[in-house]
Amino acid sequence: MYKSQIFGNLKGKGLRILEIGIGTGPNLSYYASGSGVEVVGIDPNPKMEKYARSSAASAGLPTSNFEFIQAVGEAIPLSDASVDAVVGTLVLCSVKDVDMTLKDGTFLKFMQRVLDPLQQTLADGCHLSRETGNDISRAGFSSVELNTAFLSSATFINPHAYGIAYK
């Protein structure tokens with residue numbers, strides 16, 4: 001539900017969108033339909049390209065309007081201000097340079113710290129114990145609208161931060 005809400009303001013607009021950590025492309029159906037949208041998807045895992053391309057086609061994005069680049073979020077190979085919007089979901093859990101990790105004493109945080117090495121191995125380096133929302137808030141955007149959600153189907157992969165950050 002929250003993805004429809006967040007991405008709703010991108011859909012149908014002639015935008016060039018960068019999705020960091022595109023993975024298999026599950027977000028494309030929310031914003032990438034129509035010929036006026038161009039999407040550049042970056043992901044460190046080259047095996048994700050075929051899945052992302054398939055998702056782009058299923059979303060109605062013309063093949064010529066989708067570009068997959070193998071890259072990491074810390075070194076995006078695009079010029080500054082070359083896109084109109086940036087999308088990133090389940091991304092900052094796998095980048096190597098994030099200042100804070102969760103340090104509170106809840107059972108969930110304890111389990112996330114215990115399972116973190118296994119999660120990194122199984123999920124392309126994704127850390128369970130990152131404090132992603134705080135990292136986004138401190139990144140220097142002019143405005144951040146941030147929410148969190150707990151998904152019952154993802155017990156240890158919670159909370160999920162979602163929102164919009166404006167430059």
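Residues 24 or more positions apart supply 60% of the contacts in the chain that have a separation of 6 or more. A contact here means heavy atoms within 4.5 Å.

This is a predicted model, where local features need pLDDT of at least 70, side-chain atom pairs count only at pLDDT 80 or more, and totals for chains, interfaces and linings use all residues. Residues are numbered from 1 along each chain as its sequence is written, and side-chain values use heavy atoms, with hydrogens and water left out.

**The chain as a whole**

The chain has five helices and six strands. Both are DSSP runs, numbered from the N terminus: helices are H or I with at least four residues, strands are E with at least two. Starting at the N terminus, the order of elements is α-β-α-β-α-β-β-α-α-β-β.

How much of the chain is buried? Of its 167 residues, 36% count as buried. Buried means under 20% relative accessible area, exposed means over 50%, and partly exposed lies in between (1.4 Å probe, protein chains only). The chain exposes about 9600 Å², and carbon and sulfur atoms supply 55% of that area. Such areas come from the Shrake-Rupley method with a 1.4 Å probe; for residues, only the protein chains shown count as cover.

**Salt bridges**

A salt bridge is a side-chain nitrogen of Lys or Arg within 4 Å of a carboxyl oxygen of Asp or Glu. By this rule, the count is two.

| Pair | Closest N and O atoms |
|---|---|
| E38 and R16 | 3.9 Å |
| R53 and E49 | 3.0 Å |

Take E38 and R16, which form a salt bridge. This pair links distant parts of the chain: E38 is in strand 2 (residues 38-43), R16 is in strand 1 (residues 16-20), and they are 22 residues apart. E38 counts as partly exposed because its relative accessibility is 41%. R16 is partly exposed too, at 23%.

Now take R53 and E49, which also form a salt bridge. Why are R53 and E49 separated by about one helical turn? They are four residues apart in helix 3 (residues 49-58), so about one helical turn separates them. R53 has 34% relative accessibility and counts as partly exposed. E49 is partly exposed, with a relative accessible area of 27%.

**A residue in strand 1**

Is E19 buried or exposed? E19 sits in strand 1. Its relative accessibility is 0%, so E19 counts as buried. The side chains of E19 and Y31 are joined by a polar contact of 2.5 Å. A polar contact is a pair of N or O atoms within 3.5 Å; within protein, one must be able to donate a hydrogen and the other to accept it, and residues adjacent in sequence count only if both atoms are side-chain atoms. Leaving out residues up to four places away in sequence, E19 touches N27, L28, Y31, V40, G41, I42, V87 and T89.

G140 lies in the loop between helix 5 (132-137) and strand 5 (143-149). G140 counts as exposed because its relative accessibility is 66%. G140 and Y166 are 26 residues apart in sequence, and their C-alpha atoms are 9.4 Å apart in space.

F141 is in the loop between helix 5 and strand 5. F141 is partly exposed, at 37% relative accessible area. F141, V144 and L146 make a nonpolar surface patch of about 210 Å². Patches are made of residues with over 30% relative accessible area and no salt bridge: like charges are joined within 9 Å, nonpolar side chains (Val, Leu, Ile, Met, Phe, Trp, Tyr) within 5 Å.
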